[in-house]
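Visitor: I would like to learn how to read a model like this one, feature by feature. Where do we start?

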Amino acid sequence: MNGNVLLKMDNVSKTFPGVKALSGVSFTLRKGEVHALMGENGAGKSTLIKVLTGVHAMDKGEVQLKGRTITARSPQEAQTLGISTVYQEINLCPNLSVAENLYIGRVPKRRGSIDWKRMNEDSERLLKRLNLNLDVKQPLSGFSVAIQQMVAIARAVDMSSGVLILDEPTSSLDNQEVQQLFDVMRKLRDEGMGIVFVTHFLDQVYDITDRITILRNGALVGEYETSKLSKSSLVSNMIGREWREEDEHRKKEKSYSSEVMMSTQALTRVGSVKPVSLSVRKGEVVGLAGLLGSGRSEFANLIFGIDQSDSGILTLGSETFQSMNPKKAIRKGVGFCPEDRKVAGIVGELTIRENIVLALQAKKGIFNYIPLKKQQEIARKFIDLLRIKTPSMEQRIDNLSGGNQQKVILARWLATDPSLLILDEPTRGIDVGSKGEIRKLILDLAKSGLSILIISSELQEMIECADRIVVLRDRMQVGEISGDHMTETNIMKMIAEGGGTHEQYSQTGS
Amino acid sequence: MKLNLRINQNNIIIFSTLLLIVLLYGAGSVLYTGFFTWQVFFNLFIDNAYLIIVATGLAFVIITGGIDLSVASVVAFISVVSAALLQEGMNAYVVMAICLIIGIMFGAAQGYLIQRFNLHPWIVTLAGMFLARGASYFITTQSIVIENATYTAISKFKINLVGSNFISVSVVIALAVVAVAVYVAKYTEFGRSVFAIGGSERSAMLMGLPVPRITVLVYTISGFCSALGGIVFTFYMLSGYNLHLMGMEMDAIAACVIGGILLTGGFGYLVGPLLGVICSGIIQTIVMYQGTLSSWWTKIAVGFLLFLFILLQRVIVIRRQRRRVISHAAEKPTASGGDRRTPASI
């Protein structure tokens with residue numbers, strides 16, 4: 001077994017001012033395995049990866065690559081040593097061709113000039129190894145995120161000498177694309193590569209990995225073989241207390257009234273959403289299911305007025321609208337937590353308090369300044385209410401963990417006292433514990449009379465939260481299910497086959 | 001090497017600029033007698049050789065996502081320095097060498113400040129612009145006429161092409177600069193890195209490219225080209241004056257934009273600035289031939305063109321994004337029906 005060890009981190013410690021990020025963590029990666037690194041946010045996964053890839057220097061400990069002690073002082077140096085990393089966000093240049101992205105920095109040359117022909121041929125060969133057939137002369141920006149991710153992996157694989165680190169590579173991919181990525185990972189594993197896989201998706205861990213190393217609060221919990229570790233003990237180990245799956249799967253009780261809060265009639269936008277008609281009642285949670293790119297986020301954008309609809313009618317309360325814009329939507333009591341909170345949600349440079357009052361201030365207009373005292377009052381109220389973990393409301397928001405950032409965004413909209421809240425992927429990229437809390441919050445809010453439209457890639461999550469689920473496919477509304485019909489199988493079937501409506505809206509009415 | 005002349009979204013701006021040149025030149029030829037001659041065409045190059053050189057150097061900076069506002073001032077400064085040194089009786093070739101060294105050092109210094117202290121290129125080169133302009137005042141406030149034999153000889157030298165029509169030495173220099181720039185951009189690692197930085201500086205850094213060195217280098221190239229443009233301009237004017245070419249940096253930027261260099265960086269062909277310069281040159285010639293219009297009409301027309309081209313670029317970018325969303329969505333149903341499990345994490 002020892003001959004198989006590719007990478008060994010021994011007793012690694014790292015302290016940041018005020019925080020002990022890693023204390024005495026050991027990690028072993030063997031040849032030909034996919035090794036999951038698991039832990040809640042703040043458990044030290046990222047720090048461990050960053051130490052390994054030379055972003056941070058470790059205070060104590062030793063890293064051995066193939067039996068040789070190494071110290072990487074920068075990502076470039078780690079790369080030269082043969083440790084390649086692919087991050088969640090794609091670090092390639094969208095304006096360059098696929099081939100260039102694979103080879104820039106080490107392009108093949110002939111008589112001092114770039115040998116384009118050879119570079120393109122080499123690229124095709126390299127991508128073929130990953131079962132990809134692309135026109136490598138096209139600019140990278142023309143391809144989907146999944147393909148771009150694969151190109152990043154191809155580059156990393158080509159430069160690595162056996163160690164590949166994938167840091168949450170699946171969080172912006174849909175199921176299909178995830179499977180495609182897994183095929184590639186399996187192939188590389190069979191070729192003898194050691195792959196470190198960081199993810200929040202438990203099912204993916206069981207799908208692909210051979211071994212799991214769990215971290216908690218910067219310390220090692222243990223290393224396990226995936227096949228011998230049950231899901232519940234994995235989670236218990238991660239959160240450090242007993243956890244039973246059933247706790248999470250409580251069903252929502254009916255809390256909605258018959259009053260319709262929001263409805264759309266054949267709301268359409270050419271090229272992004274085909275006519276969608278649905279309604280959300282007071283206190284009701286409606287889910288929008290569908291694959292990535294099925295039009296679910298695009299539809300949410302129409303309601304909030306980020307994109308303009310071409311035809312159709314939108315009704316909010318008793319008023320109908322031909323067109324909508326975000327400002328109007330906020331005035332009319334709509335709140336919107338967008339899909340990518342880092343890009344479209346938080347304002348990283350501002351404090352938690354400022355982030356919370358942002359939408360309320362926008363609703364009141366910029367000339368109607370909310371006094372500081374009032375702002376603090378609001379911020380404190382929501383920090384307590386949503387249990388946002390922070391030492392102070394004057395912290396910059398980008399210092400918070402993903403789950404807490406998401407809560408701040410929720411707080412931002414709750415502060416405007418909305419009647420309809422649109423949540424696009426509210427639990428993406430946040431850890432198990434916070435996910436549960438946010439779900440509970442959604443249910444509580446619905447109970448208090450708030451109407452919620454929720455979009456999520458995690459079907460189980462929607463089934464637990466929603467009263468009804470509307471299924472979109474290829475930018476078209478293909479059906480709607482509610483009650484006991486809401487099972488993953490049924491939804492997947494509708495997504496796959498575009499099946500009809502399981503139960504008409506009128507029948508589910510009160 | 002097979003030339004790929006298919007029109008696609010990448011080269012549509014270059015093609016529209018070419019089309020515009022043909023249309024404008026055609027319009028001029030139809031409207032005015034004597035417009036459609038080789039010499040009028042060559043004069044476009046002769047009159048604008050300096051601008052072609054400066055704009056080509058500037059294009060490298062713009063492709064990285066930066067800007068260099070100091071170019072016109074450097075040209076004026078070089079004209080004054082040359083005139084002053086030649087007046088002192090210095091050898092013409094030594095003067096040219098000194099000018100080029102000044103340009104290189106000036107550009108490198110700006111690049112170093114921008115890179116090392118992470119300053120905004122607008123600010124640094126704005127300062128450079130005032131500095132170079134001010135420094136030429138420091139040497140002299142008067143216009144100095146150049147009487148040096150070598151300079152006048154080069155200035156008057158005619159290279160005959162197509163019968164008795166001619167081009168100047170400056171045109172040869174300008175075209176050589178463009179040729180080298182096109183080669184560097186397409187066939188050297190440095191050139192591709194310039195594009196990479198324009199695409200995403202962070203990614204370029206993470207892919208292991210020497211971003212700091214390249215940043216300094218592009219401003220050095222711009223400085224060098226400004227100095228070379230200054231020398232060529234001095235041939236053309238045979239005088240040094242600190243008020244030469246006020247606001248020419250904007251003409252250079254305009255030439256880049258009309259030539260399809262994206263102001264946000266990361267995209268463009270190095271032959272573009274040449275085409276952009278020729279475009280505004282033709283407009284200028286038409287205004288001249290018309291006779292009654294004030295020369296400001298050139299500016300008005302160029303302003304209008306700029307607006308059109310920026311709009312065109314924007315439309316292309318938007319269409320590209322839209323198409324991606326649609327093709328991305330369309331990819332889905334064709335994929336294999338295999339295992340469609342959801343990542344139903346808890």
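Guide: Start with burial: a residue is buried if 20 or more other C-beta atoms lie within 10 Å of its own, exposed if 12 or fewer, and partly exposed in between. Keep in mind that this is a predicted model.

Visitor: How does A:G32 count, with its C-beta neighbours inside 10 Å?

Guide: A:G32 has 16 such neighbours inside 10 Å, so it counts as partly exposed. It lies in the loop between β2 (19-30) and β3 (33-38) of chain A.

Visitor: Which residues does A:G32 touch, not counting those up to four places away in sequence?

Guide: A:G32 touches A:R189, A:D190, A:G192 and A:M193.

Visitor: What about the chain as a whole? What radius of gyration does chain A have, and what would a compact globule have?

Guide: A compact globule with 510 residues would have a radius of gyration near 24 Å, and chain A agrees because its value is 24 Å. Its C-alpha trace spans about 70 × 50 × 50 Å along the principal axes. Of the 510 residues in chain A, 49% are buried. Among contacts with a separation of 6 or more, 66% are between residues 24 or more positions apart.

Visitor: How many helices and strands does chain A have, and what is its domain assignment?

Guide: Chain A has 19 helices and 22 strands. The assignment gives domain 1 (2-95 + 139-247), domain 2 (255-333 + 419-426 + 447-510) and domain 3 (339-417). The centres of domain 1 of chain A and domain 2 of chain A, taken over C-alpha atoms, are 36 Å apart.

Visitor: How should I read a sheet? What is the strand order in the open sheet of 6 strands?

Guide: Read the order across the sheet, then the sense of pairing. In chain A this sheet runs β6-β9-β10-β3-β11-β12, with mixed pairing. Its edge strands are β6 (83-86) and β12 (219-225) of chain A, each pairing on one side only. Neighbouring strands are turned by 20° against each other on average, direction ignored. As a detail, β6(A) runs parallel to strand β9 (residues 163-167) of chain A, and 4 bridges join them. There A:I83 stands opposite A:V163 in β9(A).

Visitor: Is the pairing parallel or antiparallel in the open sheet of 4 strands?

Guide: Antiparallel, in the order β14-β13-β16-β17 (chain A). The edges are β14 (273-281) and β17 (319-321) of chain A, and each pairs on one side only. The twist averages 15° from one strand to the next. Inside this sheet, 5 bridges join strand β13 (residues 260-269) of chain A to strand β16 (residues 311-316) of chain A. A:T264 has A:L314 in β16(A) as its bridge partner.

Visitor: Which helix packs on that sheet?

Guide: Helix α10 (residues 296-304) of chain A does, touching β13, β14 and β16 of chain A. Its direction makes about 65° with that of β14(A). Because 9 of the 9 residues of α10(A) are buried, the helix is largely enclosed by the rest of the structure. Among the buried residues are A:R296, A:E298 and A:F299. After α10(A) comes A:G305, with a positive phi near 80°.

Visitor: How do side chains sit along a strand?

Guide: In a regular strand the side chains alternate between the two faces of the sheet. Take strand β20 (residues 451-455) of chain A, where 5 of its 5 residues are buried. A:S451, A:L453 and A:I455 point one way, while A:I452 and A:I454 point the other way.

Visitor: Which strands pair with β20(A)?

Guide: Strand β15 (residues 285-289) of chain A runs parallel to β20(A), joined by 4 bridges, with A:V285 opposite A:I452. Strand β19 (residues 420-424) of chain A also pairs with β20(A) in the parallel sense, over 5 bridges, and A:L420 stands opposite A:S451.

Visitor: Where is confidence lowest, and where highest, in chain A?

Guide: The average pLDDT of chain A is 82, and 92% of the residues score at least 70. Confidence is lowest in helix α19 (residues 505-508) of chain A, at a mean of 37, and highest in helix α3 (residues 98-103) of chain A, at 93. Over residues 500-510 of chain A the pLDDT is below 50, and this stretch has 17 contacts in the model beyond near neighbours in sequence.

Definitions and conventions: Residues numbered from 1 in each chain as written. Chains lettered and ligands numbered in written order. Helix = DSSP H or I, 4+ residues; strand = E, 2+ residues; numbered from the N terminus. Rg over C-alpha atoms; globule rule 2.2 N^0.38 Å. Contact = placed C-beta atoms within 7 Å. Domains from an automatic or database assignment. Pairing = 2+ DSSP bridges. Axes fitted to C-alpha atoms, helices over the stretch in contact; angles between N-to-C directions. pLDDT = per-residue confidence, 0-100.
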